[in-house]
Amino acid sequence: MFGMPALLDIKNLSILFSAEQYPLKVVSGLSFDIKRAEVFGLVGESGCGKSLTALSILRILPQHAYSEGEIFFNSKNLLSLSDREMRQIRGKDIAMVFQEPMTSLNPALTVGYQIAETLVAHLNFSKKKAMENSIELLRAVKIPSPESRFKDYPHQLSGGMRQRVMIAIAIACDPSLLIADEPTTALDVTIQAQILSLLQELRRERKMAVLLITHDLSIISEQADRVAIMYAGRIMELADVQELFENPSHPYTIGLLESLPVSRGTSLKPIPGFVPAPGHLPEGCKFSDRCFAMIPECTLAEPELVGVAVNHYVRCIRWKEVRGVW
Amino acid sequence: MSGYGDPFLAVDSIKKHFPVKGGYGTTGKLLKAVDGISFEVGKDHVFAIVGESGCGKSTVARMILKLLRPTEGAIFFKGENIADFNGARLKQFRRSVQVVFQDPFASLNPRIRIIDTLSEPLKIHNILPKNDIKSRVIQLLEQVGLTRDALSRYPHEFSGGQRQRICIARALALSPELIIADEPLSALDVSIQAQILNLFQEIRKTSAISFILISHDLNVVRYFSDEVAVMNLGKIVEQAKTEDLFQSPGHPYTKLLLSSAPRLKYAKSRVGESGNR
């Protein structure tokens, strides 16, 4: 893998919302890369900017939001492509699975049609060939009796089946990057386990990289190869999965881990306070107002993301003291 | 089942069947949402019901709250059948049994201030002289970790975790004996979940309140409950003391649930550590 350029390389990405007086920055100076066929986990609580990051990769940010910086995909800067060029990549080389399988399928069209649509649009398949392929894709995502399911409408399928259809659409053109934004949050645990193992299987078979976005640390620890922890639009910690969970070195990461109910009867140590609204973030380190390790210097300047071990980066001036607390 | 003393709440083979309209030209069917379940909840105990969506766990909660009438079976609150409650007795029952719902965004009236939300139950049940209501509301807010600044604010000014605190304060307002918490953490972020779980623990320590915790999150159930019932397709498939169930699940469905739950890998286990603290 050394020397090979990363599949996706995000450099200094900021996402801003245009507001009346001055733009509101919700994601700030984000940089990370995703290598071929790896599962990269992006973790954070609601409002930290993880979903906006995903949307900006595909350039489907909501109105009034815009991005700055560079997103290289196969060495091409996605942010400087024309709309037409971007359309050829979106859904083909980079595909996305959303959280809500209930609302992301068109209720008026059969699932087969919705899969075939992608194949016709991107690969110029004939209708007949696209239909045959759609059945194969339904089989690939392990939907039983795909020949008859093909003609079903979304309301005839359960939530887990719908998410499988969403995945079938996403992998139809053999993307090299799949963005999965909270793909199992709306599903029951047993179905969640099935969908996650399906994603792992597909990424192995198809050598497809996955950007897995979730708030669930347990899922990330089981599924991802590398992890970035986001808070207030910034990466606070970035490391290989084992290193991150064995030696968490940012107070926020530790706070998240200590919030998990593990043993009975002990009192949990939640992170005090709540996430401030963008525009009301503290000076200096954005986590300083909730941090157990805060010292006056923390509010002077925002810390840089610094390397603390092999492939392990932390945005905290007190990481030496913090590392080992967990 | 006994051993907790008097059955504080006894659910006796309740069923709830909903008629489902058939398609055109077909006859309707019965949806057996809850199909004959029984359990007892002891005073000052936490009884958890786990199961996947559609297993009937929320329907059980609504029957205990007397928001739904069971098709068959009966629910006894301190020995009395709740189906017989009406008038003053029903009002008293409503005071003793309170609920916290899943979605704190949907369960507060957006058009009334927090002080009105929290004083409404006190006024309806007429348990405090008018002049004392405000100080009681402030006390409730403090109990759930909010300050008196919240009084004149509206729900939209609060985050999800804060709203859930307000919902809990409302449930506590009437000093209930039983709180039914239906997925109280699902809509909240991890760090906020921990805050609310701690608040529940605090409530347990300071007041003798029984809980029925309805959840799909096995970690939360293991952390907070004394006894668990696992529901599947309207039936309880397994019921045991919480630690026993997690240590040695008996039913295949319980085993499936436990093995499906994602587990934190790599992180050092704190289970052993906690004993030394």
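**View 1. Surroundings of B:Glu52.** B:Glu52 touches A:Asp188, A:Val189, A:Thr190 and B:His216, leaving aside residues up to four places away in sequence; two residues are in contact if their C-beta atoms, placed from the backbone, lie within 7 Å. The model is predicted: local features need pLDDT of at least 70, side-chain atom pairs count only at pLDDT 80 or more, and totals for chains, interfaces and linings use all residues. Residues are numbered from 1 along each chain as its sequence is written, with chains lettered from A and ligands numbered from 1 in the order in which they are written. B:Glu52 lies in the loop between β3 (46-50) and α1 (57-64) of chain B. Helices (H or I, at least four residues) and strands (E, at least two) are DSSP runs, numbered from the N terminus. B:Glu52 counts as partly exposed because it has 18 C-beta neighbours inside 10 Å; a residue is buried if 20 or more other C-beta atoms lie within 10 Å of its own, exposed if 12 or fewer, and partly exposed in between. From B:Glu52 to B:Glu142 the separation is 90 residues in sequence and 35 Å in space, C-alpha to C-alpha.

**View 2. Helix α7 of chain A against helix α9 of chain B.** Helix α7(A), residues 189-206, packs on helix α9(B), residues 252-260, at an angle of about 50 degrees, and their axes are 8 Å apart. Axes are lines fitted to C-alpha atoms, for helices over the stretch in contact, and angles run from 0 to 180 degrees between N-to-C directions. The two helices α7(A) and α9(B) are therefore oblique to each other; angles under 35 degrees count as roughly parallel, over 145 as roughly antiparallel, 65 to 115 as roughly perpendicular and the rest as oblique. The crossing of α7(A) with α9(B) is left-handed, a term used if the near helix is turned anticlockwise from the far one by less than a right angle, with right-handed used if clockwise. A:Val189, A:Thr190, A:Gln192 and A:Ala193 of α7(A) meet B:Leu256, B:Leu257 and B:Ser260 of α9(B). By class, the residues of this contact are 4 nonpolar, 3 polar and no charged. Ala, Val, Leu, Ile, Met, Phe, Trp, Tyr, Cys and Pro count as nonpolar, Asp, Glu, Lys and Arg as charged, and the others, Gly among them, as polar.

**View 3. The side of chain B that touches chain A.** In chain B, 33 residues are in contact with 33 residues of chain A. At least two residues of this side of chain B come from each of α6 (190-206), α7 (218-224), α9 and α10 (271-274) of chain B. The largest share, 9 residues, is supplied by α6(B). The side of chain B that touches chain A comprises 14 nonpolar, 12 polar and 7 charged residues.

**View 4. Helices α3 and α5 within chain B.** Helix α3(B), residues 114-124, and helix α5(B), residues 160-172, pack at an angle of about 25 degrees, with axes 8 Å apart. The helices α3(B) and α5(B) are therefore roughly parallel to each other, and their crossing is right-handed. B:Ile114, B:Thr117, B:Leu118 and B:Pro121 of α3(B) meet B:Ile166, B:Ala169 and B:Arg170 of α5(B). This contact of α3(B) with α5(B) has 5 nonpolar, 1 polar and 1 charged residues.
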